[in-house]
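Biologist: Can you put the model up? I have a few things to ask about it.

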Amino acid sequence: MSVSLHTNLGDVKLELFCELVPRTAENFLALCASGKYDNTVFHRNIKGFMIQGGDPTGTGRGGKSIYPTRNGKFEDEIVESLKHNSRGIVSMANSGPNTNGSQFFITYSKQNHLNGAYLVMRHPLETHLN
């Protein structure tokens, strides 16, 4: 399944690994369908590392998943074969194990130190970021 995000820095088209990370894909697609990611603001931009968005407040402090958990977060779906091995890897941002909500990031380059700690959703098909 593919989806296009319209952000404050341009458009990104993603095809999600629905079969490998089904709960994550369901969360991301449902947030897209509900308009939660419309005009996503990238609130964090670290040169050479990554750009982060998906917080509806635009501050980096918010963003719940679609799952009805006490804290609005859901568990990790770490897949050993999915790595942060190139530019453009899309992953869920979190604040520790099993704290995925709505925030995500896109890498600017290979980031092997993130493997096993952040859930990889997909490589972008197209990016038109400014």
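Biologist: How many bridges join strand β4 to β6, and which way do the two run?
Modeller: This is a predicted model. In it, β4 (residues 50-53) and β6 are joined by 4 bridges and run antiparallel. I51 has I106 of β6 as its bridge partner.

Biologist: What is the strand order in the open sheet?
Modeller: The sheet has 5 strands in the order β3-β4-β6-β5-β7, with antiparallel pairing. β3 (44-46) and β7 each have a single partner strand, so one side of each lacks a neighbour in the sheet. On average, neighbouring strands are turned by 25° against each other, direction ignored.

Biologist: Switching to the core. Which residues touch the most other members of the largest nonpolar core?
Modeller: L5, L14, F28, Y37, F104, I106 and M121, out of 25 residues in that core. Elements giving two or more residues to the core include β1 (2-7), β2 (10-15) and α1 (22-33). The largest share, 4 residues, comes from α1.

Biologist: And what does M121 touch?
Modeller: Leaving out residues up to four places away in sequence, M121 touches L16, F17, V21, T24, F28, V90, S91, M92 and F104.

Biologist: How many disulfides are there?
Modeller: The count is 0. The closest cysteine sulfur to that of C18 is in C32, and at 11 Å it is too far for a bond.

Biologist: Is C32 buried or exposed?
Modeller: C32 is buried, because its relative accessible area is 15%, under the 20% cut-off. C18 is partly exposed, with a relative accessible area of 24%.

Methods:
Residues numbered from 1 in each chain as written. Predicted model: local features only at pLDDT ≥ 70, side-chain atom pairs only at ≥ 80, totals over all residues. Heavy atoms only, no water. Core = buried A, V, L, I, M, F, W, Y, C linked by side-chain atoms within 4.5 Å. Buried < 20%, exposed > 50% of the residue type's maximum accessible area, 1.4 Å probe, protein only. Contact = heavy atoms within 4.5 Å. Pairing = 2+ DSSP bridges. Axes fitted to C-alpha atoms, helices over the stretch in contact; angles between N-to-C directions. Disulfide = S-S within 2.5 Å.
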